[in-house]
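Reader: I would like to learn how to read a structural model feature by feature, with the general idea set out before each particular case. Could we go through one together?

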Protein chains: 2
Amino acid sequence: MVGKRARCVFLGSLLAFAVIQAALAQTGPLPSWNDTAPKQAVLKFVAEATKEGSPTFIPLPERIATFDNDGTLWAEQPLYFQFLFGIDQIRALAPKHPGWKTKEPYKSVLEGHVEQALAQGDKAVLEIMMVSHAGMTTAEFDKTVRDWLATAKHPRFKRLYTDLAYQPMLELLNYMRANGFKTFIVSGGGVEFMRAFADKVYGIPPEQVVGSSGETKYELRPDGPVLVKLPKVAFIDDGPGKAEGIQRMIGRRPVFAFGNSDGDQQMLEWTAAGSGARFMGLVHHTDAEREWAYDRKSHVGKLDKAWDEAVKRGWIVVDMKKDWNKVFVFEK
Amino acid sequence: MVGKRARCVFLGSLLAFAVIQAALAQTGPLPSWNDTAPKQAVLKFVAEATKEGSPTFIPLPERIATFDNDGTLWAEQPLYFQFLFGIDQIRALAPKHPGWKTKEPYKSVLEGHVEQALAQGDKAVLEIMMVSHAGMTTAEFDKTVRDWLATAKHPRFKRLYTDLAYQPMLELLNYMRANGFKTFIVSGGGVEFMRAFADKVYGIPPEQVVGSSGETKYELRPDGPVLVKLPKVAFIDDGPGKAEGIQRMIGRRPVFAFGNSDGDQQMLEWTAAGSGARFMGLVHHTDAEREWAYDRKSHVGKLDKAWDEAVKRGWIVVDMKKDWNKVFVFEK
């Protein structure tokens, strides 16, 4: 009497179980991360931090996770995307500034020699870009960034820049939030540039974006108040500035921090120096095929001293090629 | 047959109903606010902002409410409490700085002539206080503030300074949060000074405190990294600076803002200039008996131009004496 039908039910159940297991494996946390050391370290940290009563437990308000942006949450080659935006802006604004034709670094940019403009160093370029937006209101600048992000295409991938967010990091942001962590960006990029897309792309609201900023001036115009951008840098949120920015804007020490370059070294040191459970991670760009491969010798996103410190102190270094089974969401 | 028992039940029910009503009236929102225009305006704003589908509905992420601190959330007489802290600090640190005995404004402070030190204006005093803490790490400064708040007593009330938070405003903060608003402090006070008590006293976490700040320097010491306070102001979050601070630190326009002095005028203008439902409020100090009475002529917390603008534009002005049935929690 234990006939065909019962056997079918049993086999069917086994099959259903296998299907559910496979689905769970695919939809478990961090599916774009291979089951290698970095994923294991994240899962272990979160399990310990959220286990009530354990000595590694982190109370909810202290669950502050900070992420660098360029090279950590989205790509940064061949140049920081904000620089590419700035170059497009200098070209667009040039007709209103005839003097730029003969004045460096605008001259180089307008003549197509971007590398010469960049030879001045990142900070100089950031300053130049801020200067080139002086006179705009913050609302006008926001619209300009949004328009650019909605239309400009990346030279290699021919896609919107926001498509170049890293799928594994989007999963990590969601995973951290699902476990009660408040996710912040702490980046050398301009705070108003990043806020134009951070909410939509990363799920990080404007008030949780810390970045470099320029001075502004409050003006009460006939149709209401505006903030006008001035040609003066207020704060550079890079290197040691990241620890200062965290202190000034967040006011608590992170327990979890992810970066990818020497500009993140002090943020990771500052995070590591707190007591209790900690996680410090670096993305190492090792995948020339799917993304880019660069580290010690790179002009953009140089990873040299911070890498040595990570190895020495046992911080997590993600090998993009080995540890991520997907880099961008559009990959097949 | 409708005898004594039924009547008793009926009367008992009536009594129970009355008791419940009375309890509701006492435990309803904002019990320390009289049922006058300001309370009605708050209740109306929140009802409209939270009514889904209505044109005045404000989506959750946009529910940003900003509050000035001195004179709005806690008292500010006879001097901003941070100044009283600074004076105590100058006295405490004087033995290490023999030069202060002959150098203004330290000389005046040390000789007990505080009013002479203050004649230089608020910004100068704020700068002087920052200078006097130069060389301390941010952790040392935080401890100094906490120690002072735990022991120093207000000259008039002989109570801890944190006891001088306004009970009606504590209720308002809770009420706004219960309705999905994210509450921020936006104050001219030093951000690190306020963070030492804002969480405990107001329920406002460090990352939601915007204030004035000084420059710091990152140092990697043998026992770990520190941020050392430098004798240089980085940002003054007052007057037009409040609109700038909101833009730089929060990155969204508030929909609700409360202040009490001319230093809050631009924050209220900036809030008012957004579209949709808005609330702009000012606390007017009218109660010399329970607190203080001051406005147009006051050195501390001067309310003059902002008051005129409030009247002209229909912003809410709280008459402390008339609109609050309780000022401090310790009142009987």
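**Salt bridges, interface, helices and backbone**

Author: A search of the whole structure, which is a predicted model, finds 36 salt bridges over all chains. One of them is formed by the side chains of A:Glu62 and A:Arg252, with 3.6 Å from N to O. A:Glu62 lies in the loop between α2 (37-49) and β1 (64-67) of chain A, while A:Arg252 lies in the loop between α10 (240-250) and β5 (256-259) of chain A, so the pair ties together parts that are 190 residues apart in sequence.

Reader: What are the ipTM and pTM of the model, and what is the mean pLDDT of chain A?

Author: The model scores ipTM 0.89 and pTM 0.90. For chain A the mean pLDDT is 91, and 89% of its residues reach 70 or more.

Reader: How is the interface of chain B and chain A to be read, and what area do the two chains bury between them?

Author: The size of an interface is often given as the accessible area lost when the parts come together. Here chain B and chain A bury about 2,900 Å² between them, and 52% of that area is on carbon and sulfur atoms. Of the area that chain B buries against chain A, 24% is supplied by B:Glu207, B:Tyr218 and B:Arg248, more than by any other three residues. The contact takes 36 residues from chain B and 36 residues from chain A.

Reader: How many salt bridges does the rule find across the interface of chain B and chain A?

Author: The rule finds 6 salt bridges across this interface. In a salt bridge between A:Glu207 and B:Arg252, the closest N and O atoms are 2.9 Å apart.

Reader: Turning to helix packing, at what angle do α3 and α7 of chain B pack, and which residues meet there?

Author: The general idea is to take the angle together with the axis distance, and then to look at the residues in contact. Helix α3 (residues 81-93) of chain B packs against helix α7 (residues 138-151) of chain B at an angle of about 105°, the axes being 11 Å apart. Angles of 65 to 115 degrees count as roughly perpendicular, which means that α3(B) is roughly perpendicular to α7(B). From α3(B), the residues B:Phe81, B:Leu84, B:Phe85, B:Asp88 and B:Gln89 meet B:Phe141, B:Thr144, B:Val145 and B:Trp148 of α7(B). By class, the residues of this contact divide into 6 nonpolar, 2 polar and 1 charged.

Reader: Are α11(B) and α12(B) roughly parallel or roughly perpendicular, and how many charged residues does their contact have?

Author: Helix α11 (residues 265-272) and helix α12 (residues 305-313) of chain B pack at an angle of about 25°, with axes 9 Å apart, and this makes α11(B) roughly parallel to α12(B). The contact is made by B:Gln265, B:Glu269 and B:Ala272 of α11(B), together with B:Lys305, B:Ala306, B:Glu309 and B:Arg313 of α12(B). The contact of α11(B) with α12(B) has 4 charged residues, along with 2 nonpolar and 1 polar.

Reader: Which residues does a cis peptide bond join in chain A and in chain B, and what is the phi of A:Leu30?

Author: Most residues other than glycine have a negative phi, and most peptide bonds are trans. A cis peptide bond joins A:Glu104 and A:Pro105, with omega about 0°, and A:Pro105 lies in the loop between α3 (81-93) and α4 (106-110) of chain A. In chain B, a cis peptide bond joins B:Glu104 and B:Pro105, with omega about 5°. A:Leu30, although not a glycine, has a positive phi of about 55°, and A:Leu30 lies in the loop between α1 (4-27) and α2 of chain A.

Methods:
Residues are numbered from 1 along each chain as its sequence is written. Chains are lettered from A and ligands numbered from 1 in the order in which they are written. This is a predicted model: local features need pLDDT of at least 70, side-chain atom pairs count only at pLDDT 80 or more; totals for chains, interfaces and linings use all residues. Side-chain values use heavy atoms; hydrogens and water are left out. Axes are lines fitted to C-alpha atoms, for helices over the stretch in contact, and angles run from 0 to 180 degrees between N-to-C directions. Helices (H or I, at least four residues) and strands (E, at least two) are DSSP runs, numbered from the N terminus. Angles under 35 degrees count as roughly parallel, over 145 as roughly antiparallel, 65 to 115 as roughly perpendicular and the rest as oblique. Contact means heavy atoms within 4.5 Å. Ala, Val, Leu, Ile, Met, Phe, Trp, Tyr, Cys and Pro count as nonpolar, Asp, Glu, Lys and Arg as charged, and the others, Gly among them, as polar. pLDDT is the predictor's confidence in each residue, from 0 to 100. Buried area is the accessible area (1.4 Å probe) that two parts lose on being put together, summed over both. A salt bridge is a side-chain nitrogen of Lys or Arg within 4 Å of a carboxyl oxygen of Asp or Glu.
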